[in-house]
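Reader: I would like to learn how to read a structure of this kind. Could we go through it one feature at a time?

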Amino acid sequence: MIAGNRKGTVMVEAALVMPLALLVVITLLVMCVFLYQEVHQSSNLYQNLLEESCYESQTGTTGYNISNDFIFLKKSRLRQFPQIHGETSISYDSRGWVSLHSQNKFEANRYIIKEMDYIRWIDSLKSVE
Amino acid sequence: MDRLVEKCGMISVFLILVLGSIMAAVFIFIAAASDKAEESMAKGYIHLAGRSSLSEYHVSLKERYSLFATDLTVNQLDHRMTFYLRENFLRQKTLRMELDQIDIKNREFSLGNADLFEQQLIDGVCYPPSHGLISELQIFNAEWVDVYGWGILPSNGSPGYSINLTHIRDYFSQKNSLLSLKPNAFNRLEYIHKYFNHHKKEPVISNSYFLNEAEYILYGFPCDEKNLNRFQRDFIAVRTLLNLIHIKEDPEKMRTLYVAASLLTPGPKVVATQLALAGLWAGFEASNDWKLLVENQGVEPLKAKEHWALTFEGMADKSPDEAYVRPKIESDVHYQEYLDAFLLIQNRENQLLRMLDLIQINICCMTESHFLIQECFTGFSYDIVINGKSYHGTETY
């Protein structure tokens with residue numbers, strides 16, 4: 001009789017499938033947030049570099065307020081052409097039932113170019129010749 | 001009633017709701033991410049378009065004076081920016097970008113602005129002069145401005161002395177007068193050395209309408225001779241004063257003057273006559289100093305006995321048209337050094353604006369056009385709307 005009774009089968013199936021479905025949903029949402037953060041942070045890094053290189057070369061402004069946003073800029077002036085190196089990272093930490101740790105690091109470089117100085121520099125080489 | 005209690009399809013509805021919510025959330029994140037990516041891409045493209053537009057700088061201005069400015073009008077800049085942005089948007093396939101509106105302003109970046117000009121001058125002064133690189137075939141038609149004029153000059157063509165008495169008093173009242181000068185004053189002076197002629201300049205910089213350009217910067221008369229005469233007058237005035245100081249501090253000269261004054265006007269008028277004779281002697285010596293300078297000889301600013309050229313007896317015999325008398329020791333301070341001293345204490349704005357006058361006049365002759373320095377711009381500001389989002393900023397050389 002018990003074997004023939006189909007009452008509660010939906011409940012049992014739901015109990016088995018629902019956690020899995022929820023896990024999939026949450027994983028998808030977390031992935032979306034993570035990917036969005038990646039785009040957000042790399043975009044901020046690029047805008048920071050652009051604004052900073054314009055400021056350093058005194059060639060204009062881009063209207064972007066340089067904020068920290070966990071972005072680290074390093075200027076290397078000893079090179080042939082000065083450069084700004086920027087890096088940032090985003091990380092995801094889960095310390096619950098399942099421990100997850102994920103980190104993505106972004107790096108970018110931008111030259112500090114003042115075309116005016118470059119042209120004058122080339123001209124001064126010509127005059128030496 | 002049966003349909004209300006019927007549970008078939010319940011799971012499908014549940015799954016559709018869940019999947020629909022997930023899809024909506026995913027699309028929201030995609031939209032936000034593309035919005036953010038679009039922002040940095042747009043800024044990159046705007047910067048690139050700005051640099052490309054500014055690459056059309058005025059070549060003669062750069063080659064003759066090492067100055068970077070564009071003579072593109074607002075409309076031309078607008079067209080250039082639109083062209084570069086649209087071309088870039090078409091060629092990239094990642095995001096759909098649409099240029100909605102563009103507004104360019106350049107008035108505040110006019111090279112006629114003394115501050116902007118000074119900034120460019122400071123940037124360029126550390127490099128060798130660019131005018132040596134100009135091809136000898138470059139046309140310089142001085143008659144062009146004689147026929148068509150040189151337009152409105154940045155200084156408004158206002159001549160006159162640009163050193164006021166208060167300025168000189170303040171300058172000399174400071175203990176370390178030379179140190180009180182701002183570094184920019186020396187930069188401006190170096191620029192004048194590199195790009196402008198003066199009466200004794202060797203070799204003369206070609207492609208110049210006026211020969212006495214540094215003198216023009218001091219006095220602003222549109223005539224070489226008049227500017228030189230004004231410099232001569234001021235030089236003699238300053239030298240007379242310095243020579244008087246020397247006479248007063250030299251007991252031998254004072255004794256000679258006292259004897260001469262006693263012979264001329266014995267009695268209580270001796271002191272006044274002595275002073276008048278001292279002034280006369282200092283003036284003649286100053287006039288001799290000018291002749292020395294013009295003949296490429298040096299004149300010591302603060303003279304000692306051996307730097308003095310005219311004796312009291314010699315002064316009486318000498319006619320003004322005679323050649324100069326050499327002092328015992330020749331000085332290293334020549335025409336240019338005196339000119340530099342005048343230029344160093346000149347009013348900053350007058351100096352910069354008159355430099356701009358000369359640039360405008362010479363470029364008019366070089367390009368045979370109605371060139372106006374105020375119509376050249378060192379950059380522009382923009383207000384651009386891309387995909388409904390507004391971007392403000394500036395682009396400069």
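This is a predicted model: local features need pLDDT of at least 70, side-chain atom pairs count only at pLDDT 80 or more; totals for chains, interfaces and linings use all residues.

Reader: Which residues in H11(B) are buried?

Author: Start with the general idea. An α-helix has 3.6 residues a turn, so residues three or four places apart point the same way. Here the buried residues are Asn227(B), Phe231(B), Phe235(B), Arg239(B), Thr240(B), Asn243(B) and Ile247(B).

Reader: What do the buried residues of H11(B) pack against?

Author: They pack against four helices of chain B: H10 (213-219), H12 (251-264), H13 (270-294) and H15 (335-344).

Reader: How is chain B divided into domains?

Author: Domain 1 covers 2-110 + 376-396, and domain 2 covers 114-374. In the contact between these domains, domain 1 of chain B supplies 13 residues and domain 2 supplies 17 residues. On the domain 1 side, the residues that touch domain 2 of chain B are 6 nonpolar, 4 polar and 3 charged.

Reader: How many residues of chain B are in contact with chain A?

Author: 33 residues of chain B touch 25 residues of chain A. On the chain B side, two or more residues each come from helix H2 (10-54), helix H5 (114-125) and strand S3 (389-396) of chain B. H2(B) gives the largest share, 16 residues. By type, the chain B side holds 14 nonpolar, 13 polar and 6 charged residues.

Reader: Now the sheets. In what order do the 3 strands of the open sheet in chain A stand?

Author: Again, the general idea comes before the case. Strands of a sheet pair through backbone hydrogen bonds, either parallel or antiparallel. In chain A the order is S2-S3-S4, and the pairing is antiparallel. Strand S2 (72-76) and strand S4 (99-111) of chain A are the edge strands, each pairing on one side only. On average, neighbouring strands of this sheet are turned by 15° against each other, direction ignored.

Reader: How many bridges pair S2(A) with S3(A)?

Author: S2(A) and strand S3 (residues 83-95) of chain A are paired over 5 bridges. To follow the pairing in the model, find Lys74(A), which stands opposite His85(A) in S3(A). Helix H1 (residues 9-57) of chain A lies across S2, S3 and S4 of chain A, and runs at about 160° to S3(A).

Reader: Which strands form the open sheet of 4 strands?

Author: The order is S1(A)-S3(B)-S2(B)-S1(B), with antiparallel pairing. S1 of chain A and strand S1 (99-105) of chain B stand at the edges with a single partner strand each, so one side of each is left without a neighbour in the sheet. Strand S1 (residues 60-61) of chain A is joined to S3(B) by 2 bridges, and Thr61(A) has Thr394(B) as its bridge partner. Within chain B, strand S2 (residues 379-386) and S3(B) pair over 8 bridges. In that pair, Val385(B) stands opposite Ser390(B).

Reader: Which strands does H2(B) lie across?

Author: H2(B) lies across S1 of chain A together with S2 and S3 of chain B, at about 35° to S3(B). Helix H4 (residues 74-91) of chain B also packs on the sheet, where H4 touches S1 and S2 of chain B. The direction of H4 makes about 145° with that of S1(B).

Note on methods. Residues are numbered from 1 along each chain as its sequence is written. Chains are lettered from A and ligands numbered from 1 in the order in which they are written. A residue is buried if 20 or more other C-beta atoms lie within 10 Å of its own, exposed if 12 or fewer, and partly exposed in between; C-beta atoms are placed from the backbone. Two residues are in contact if their C-beta atoms, placed from the backbone, lie within 7 Å. Domain bounds come from an automatic or database domain assignment. Ala, Val, Leu, Ile, Met, Phe, Trp, Tyr, Cys and Pro count as nonpolar, Asp, Glu, Lys and Arg as charged, and the others, Gly among them, as polar. Two strands pair if DSSP finds at least two bridges between them. Axes are lines fitted to C-alpha atoms, for helices over the stretch in contact, and angles run from 0 to 180 degrees between N-to-C directions.
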